[in-house]
Amino acid sequence: MLLLVVLVSVEHASFAGPANEELTHINTIRDVKTTQNLTKTDSEYLGELWNRSSYVARSCKEIRDKYNEKEDGLYYMTTANGMVYQTFCDMTTAGGGWTLVVSVHENSVYGKCTVGDRWSSQQGNNADVPDGDGNWSNRNTFGTAEGATSDDFKNPGYYDIVAEDMSVWHIPNNFPLEHWKLAAILRYHTDNHFLRLYGGNLLQLFKQYPVRYNVGSCSDRGPAVPIVYDHGDTESTSNLYGPNPRREFEAGFITFRAINYERAAMAICSGVKPTTGCNTETYCIGGGGYFAEHPPYQCGNFPAFDWDRLGMEQGWSASKEMTEAAVLLFYR
């Protein structure tokens, strides 16, 4: 019996070695193939990026038309005077060809016109600087396309591209670029070519409708343009703001240079137009360098989205989703 057990054990051992070696070999081959596939994928992606860098175009629409590109992602643009910059192209929504030119990001809704509030003022709430940083009507640029949901962004396309329409995305803060479209809480675009009437871009529009303190009454606002929804609708748009502001606006529009009761101008009311009231600081973004009511409480990129200090659709406060999302602006 002892001999038999030993023989069986030896026989079993004699088969165990090669079987394990074969299994290890198979796993090794699989790992090598996986690595090769990943390397191939990375190489293909790098190749695509390299090809994109050779394109010469002023906008994503031009890249779409000239090079038949249909993939969302980062591309290089060239301005009229030869400056090269990188930005994100939406090549799939409503025919594609949308160029990201701006993101409005609120570092802290409790920091009132402090560092990072480039779309209002980084110089505090100052009546002597009614334009604030003035970036809606100048050629300053800042930030990166890839970081557009974690910081303010403005590229040369803002003033260089001659566009007809706009697209707007609201993306939760700090989301990576490859997930922007799926993560958006709201996406819409215009389709009536309204920018033709205002010089082809926001720089020219805001030169006609300056964003500053004491530029007019609250009825003296800029254009309100109807929108087409790509994600969301009028009801979901309204619910992103507080219950009190909902009684003051109509959803389904984008409005420019909306002035409040205290004669301070906000740059953009995203998804809505003021109708029966002028507390626009609670549902519009951007602005000049001075807000007269309870200074500096309304000053900042998202002026009074936190009016009730709750940010949970309570009273005048915007929803948490809206307050903690960057607003991305595209041209086509």
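Arg-58 is partly exposed in this predicted model, with a relative accessible area of 32%. Its side chain meets that of Asp-160 in a salt bridge, with an N to O distance of 2.8 Å. Because Arg-58 lies in the loop between α1 (2-53) and α2 (60-67) and Asp-160 in helix α3 (residues 157-160), this pair ties together parts that are 102 residues apart in sequence. The structure holds 14 salt bridges, including those described below.

- Asp-160 is buried, at a relative accessible area of 11%, whereas Arg-58 is partly exposed.

- Lys-61 forms a salt bridge with Asp-65, and the closest N and O atoms are 3.2 Å apart.
- Lys-61 and Asp-65 are four residues apart in helix α2, so about one helical turn separates them.
- Lys-61 counts as partly exposed at 33% relative accessibility, and Asp-65 counts as partly exposed at 46%.
- A network of salt bridges links Lys-61, Arg-64 and Asp-65.

**The pair Asp-220 and Arg-257**
- A salt bridge joins the side chains of Asp-220 and Arg-257, at 3.7 Å from N to O.
- This pair links distant parts of the chain, 37 residues apart: Asp-220 lies in the loop between α5 (202-208) and β7 (224-226), and Arg-257 lies in strand β10 (residues 253-259).
- Arg-257 is buried, with a relative accessible area of 4%, while Asp-220 counts as partly exposed at 36% relative accessibility.

Definitions and conventions. Residues are numbered from 1 along each chain as its sequence is written. This is a predicted model: local features need pLDDT of at least 70, side-chain atom pairs count only at pLDDT 80 or more; totals for chains, interfaces and linings use all residues. Side-chain values use heavy atoms; hydrogens and water are left out. A salt bridge is a side-chain nitrogen of Lys or Arg within 4 Å of a carboxyl oxygen of Asp or Glu. Helices (H or I, at least four residues) and strands (E, at least two) are DSSP runs, numbered from the N terminus. Buried means under 20% relative accessible area, exposed over 50%, partly exposed in between (1.4 Å probe, protein chains only).
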